[in-house]
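Student: I have a structure open and want to learn how to read it. Can you take me through its features step by step?

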Amino acid sequence: VQLVESGGGLVQAGDSLKISCAVSTSTFIINTMAWYRQAPGAQRELVAQLIPKSGTTNYASSVQGRFTMSRDSDKNTFYLQMNLLRPEDTAVYHCNVMAENGGMARAFWGQGTQVTVAS
């Protein structure tokens with residue numbers, strides 16, 4: 001499984017940004033998709049999670065109402081739409097999937113994309 005992120009950049013507070021994660025997989029079944037972020041000196045934190053089987057999405061309280069996670073099955077891509085961005089949203093954003101093959105599940109990570117929000 002390979003994950004390739006795109007769409008990060010430098011924006012102003014209050015702006016919007018959409019980041020993408022293209023997923024390539026052959027025999028693995030994707031159980032969950034997620035976005036994490038890691039700010040300098042901080043631990044990696046879960047931002048949003050989507051469960052493809054149910055369509056359920058969950059968000060960290062800090063982004064609830066501002067961020068929306070979605071996916072396009074035809075493009076094998078999932079997204080994070082970020083609105084009303086704040087300086088504290090500045091971080092490297094990593095996409096993640098939990099994928100299963102032959103009863104064995106493991107996590108896969110993208111390389112990360114930098115999101116910087118200027119005040």
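Tutor: Let's start with a pocket. This is a predicted model. Four strands, β3 (17–24), β4 (29–38), β7 (67–72) and β8 (77–82), each give at least two residues to the lining of the largest pocket.

Student: How much space lies in the largest pocket?

Tutor: About 170 Å³.

Student: Which residues line the largest pocket?

Tutor: Look for V23, S24, T25, I30, M33 and P52, along with R71, D72, S73, N76, T77 and F78.

Student: How many of the lining residues are nonpolar, polar or charged?

Tutor: Sort the lining by class. Five residues are nonpolar, five are polar and two are charged.

Student: Now charges. What can side chains of opposite charge do?

Tutor: They can pair when their charged atoms come close. Here the count of salt bridges is three.

Student: Which residues are linked in a network of salt bridges?

Tutor: The network links R37, E45, R66 and D89. Take the pairs one by one.

Student: What is the N to O distance between R37 and E45?

Tutor: Their side chains meet at 2.6 Å, N to O, in a salt bridge.

Student: Is R37 buried or exposed?

Tutor: Check the relative accessible area. Buried means under 20%. R37 has 6%, so R37 is buried.

Student: And what about E45?

Tutor: E45 has a relative accessible area of 34%.

Student: Which residue does D89 meet in a salt bridge at 2.9 Å?

Tutor: That partner is R37, with the 2.9 Å taken from N to O.

Student: How far apart are the closest N and O atoms of R66 and D89?

Tutor: They are 2.8 Å apart, and the two residues form a salt bridge.

Student: Where do R66 and D89 lie?

Tutor: R66 is in the loop between β6 (56–59) and β7, and D89 is in the loop between β8 and β9. The pair therefore ties together parts that are 23 residues apart in sequence.

Student: Are R66 and D89 buried or exposed?

Tutor: Use the cut-off again. R66 has 6% relative accessibility, so R66 counts as buried. D89 has 1%, so D89 counts as buried too.

Note on methods
Residues numbered from 1 in each chain as written. Predicted model: local features only at pLDDT ≥ 70, side-chain atom pairs only at ≥ 80, totals over all residues. Heavy atoms only, no water. 1 Å grid on protein atoms, 1.4 Å probe; cavity = no way out; pocket = protein on both sides within 12 Å on 5 of 7 lines; lining within 4 Å. Points joined across faces, edges and corners; volume = space filled by probe spheres on them. Nonpolar A, V, L, I, M, F, W, Y, C, P; charged D, E, K, R; others polar. Salt bridge = Lys/Arg side-chain N within 4 Å of Asp/Glu carboxyl O. Buried < 20%, exposed > 50% of the residue type's maximum accessible area, 1.4 Å probe, protein only.
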